[in-house]
Amino acid sequence: MADERPNVNIAELVSEHHRAVFGYAYRLSGSVPDAEDLSQQTFLVAQQKLGQLRKVESAKSWLFTILRNCFLKSQQRQRPTAAANLQLNVDTIPAQPPKSEDIDRERLQQALDKLPEVFRHILVLFYFEQCSYKEIAEKLDMPIGTVMSRLARAKGHLREKLFAAEEAQSDREQPSTTP
Amino acid sequence: MDNRPNADERLLEAIEACRGSDDVADPALTPLAERLSDDPQLAELYERLQQTDASITEAFCDVPVPEGLDQRILERLAAAPVDPAEPATVAKPRSRRWFQVVGIGATVTAVAVSLAVFLQPPDIDLTETAARQQAIDAFQSDWPNNGQWPEQGQAVTDDVLQKFPISRGMALPPSVRMQWRNVKMFGASGVAYDMIDRQGRTATLYVVGCTLPGLRNAPPRAPAPGTAGCVTASWCKGGLLYVLVVRGGGREYESFVPPANLT
């Protein structure tokens with residue numbers, strides 16, 4: 001029986017993927033120290049389970065899966081996030097699509113941090129890992145309809161925090177016509 | 001709300017969930033595709049959402065990475081390959097295929113690995129996984145060119161074999177050629193038996209004068225998962241720690257540890 005495992009070593013994985021792993025960890029955890037801890041933990045587990053990696057090209061996705069599991073494990077020891085009352089809201093889609101550089105990174109993270117964990121996971125899978133809704137359903141072991149519903153609501157929440165505040169501020173900056 | 005397209009909630013959820021033409025082409029979303037082609041307002045909303053999502057995606061992935069992070073990760077990996085506080089991270093046999101091939105042997109190996117981690121005495125700063133990783137690193141360095149003997153190898157003598165006996169379970173066939181050399185590993189002295197079989201497969205058995213609690217006393221039927229294209233096995237016998245590194249996988253391992261020789 002031939003051994004089909006790829007010949008990779010952990011140092012190569014770190015070199016190639018530490019940036020993506022850190023970014024993913026940061027979006028999930030919302031803090032730089034936590035993200036660094038999570039990144040280190042991810043590669044520690046990866047080192048021990050390297051034999052489970054079947055294809056070099058799936059290494060990034062495999063690392064993300066490890067990362068998600070590590071994060072979930074760490075979250076179980078913490079207080080659960082309060083559920084937000086999320087509504088489906090396509091009105092938050094800006095009339096003029098924004099440029100990436102116009103999106104406030106800090107506000108983006110703050111909006112993410114306010115989301116219940118499962119919604120945050122879905123958004124990170126959608127925007128960071130760029131998974132389709134079917135892939136998200138598979139990774140989270142969730143019905144497709146549930147993924148669609150939660151994804152739509154989480155995206156609406158994110159846009160509201162990102163763009164509605166800007167519009168309100170821009171409204172406030174308009175000269176007032178009342179005394 | 002005035003210009004919101006006349007679409008029901010599920011349609012809007014589907015629009016939000018789609019990330020491009022591939023998703024819209026999904027037969028499950030045929031009603032959405034039809035609506036998009038029939039309803040210009042909905043199509044305009046969809047386009048706007050796609051553009052907004054593209055910008056958010058870009059912002060989402062734009063995370064500054066702390067300087068030196070990769071080095072810190074590598075240092076931590078080198079210093080603590082296994083975190084004993086995290087039993088879930090203990091290396092286990094990889095797949096069902098191994099179980100089909102070696103049956104109960106792999107389970108025994110996993111138990112041995114777990115025991116080695118949990119029963120590690122505090123005065124020995126080494127776990128079985130760390131020992132195996134060190135052995136792999138040494139093997140990689142000793143065999144820079146696969147198939148060429150490591151330097152400083154000598155013909156095996158009875159004296160060496162008496163001091164550092166090769167486990168009976170290995171019972172190497174005559175076709176395996178072997179040399180030995182002195183090594184210092186895991187903080188102890190010992191020898192390395194370098195081996196090449198008739199097919200050119202290579203392996204090194206490190207035998208050093210220290211022990212790790214919890215290890216079995218004979219070579220396992222199945223190797224433990226390794227890295228860098230190698231598999232490993234470790235056991236303790238007679239006050240000696242044995243770590244076998246074989247380049248390749250299960251088949252190559254069996255060349256040096258024939259299952260028929262294991263009881």
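At what angle do the axes of helix 3 and helix 4 of chain B cross? Keep that in mind as you read these points on the structure, which is a predicted model.

1. Let's take the helix pair. The axes of helix 3 (residues 30-38) and helix 4 (residues 40-61) of chain B cross at roughly 110 degrees and come within 5 Å. Angles from 65 to 115 degrees count as roughly perpendicular, so helix 3 of chain B is roughly perpendicular to helix 4 of chain B.

2. Now look at who touches whom. From helix 3 of chain B come Arg35(B), Leu36(B) and Asp38(B), and they meet Pro40(B), Leu42(B), Ala43(B) and Tyr46(B) of helix 4. Sorted by class, this contact has five nonpolar residues, two charged ones and no polar ones.

3. Next, the sheet. Six strands of chain B form an open sheet in the order 1-2-3-4-6-5, with antiparallel pairing. Strand 1 (154-155) and strand 5 (230-237) of chain B are the edges, each pairing on one side only.

4. Strand 1 of chain B runs antiparallel to strand 2 (residues 177-185) of chain B, and two bridges join them. In one of these strands, strand 2, you can find Gln179(B), the bridge partner of Ala155(B). Helix 8 (residues 128-142) of chain B packs on the sheet and touches strands 2, 4, 5 and 6 of chain B. The direction of helix 8 makes about 125 degrees with that of strand 5 of chain B.

5. Finally, step back to view chain B as a whole. Chain B has 10 helices and six strands, and 51% of its 263 residues count as buried. Its accessible surface comes to about 12800 Å², with 50% belonging to carbon and sulfur atoms.

Note on methods. Residues are numbered from 1 along each chain as its sequence is written. Chains are lettered from A and ligands numbered from 1 in the order in which they are written. This is a predicted model: local features need pLDDT of at least 70, side-chain atom pairs count only at pLDDT 80 or more; totals for chains, interfaces and linings use all residues. Side-chain values use heavy atoms; hydrogens and water are left out. Axes are lines fitted to C-alpha atoms, for helices over the stretch in contact, and angles run from 0 to 180 degrees between N-to-C directions. Helices (H or I, at least four residues) and strands (E, at least two) are DSSP runs, numbered from the N terminus. Angles under 35 degrees count as roughly parallel, over 145 as roughly antiparallel, 65 to 115 as roughly perpendicular and the rest as oblique. Contact means heavy atoms within 4.5 Å. Ala, Val, Leu, Ile, Met, Phe, Trp, Tyr, Cys and Pro count as nonpolar, Asp, Glu, Lys and Arg as charged, and the others, Gly among them, as polar. Two strands pair if DSSP finds at least two bridges between them. Buried means under 20% relative accessible area, exposed over 50%, partly exposed in between (1.4 Å probe, protein chains only). Accessible areas come from the Shrake-Rupley method with a 1.4 Å probe; for residues, only the protein chains shown count as cover.
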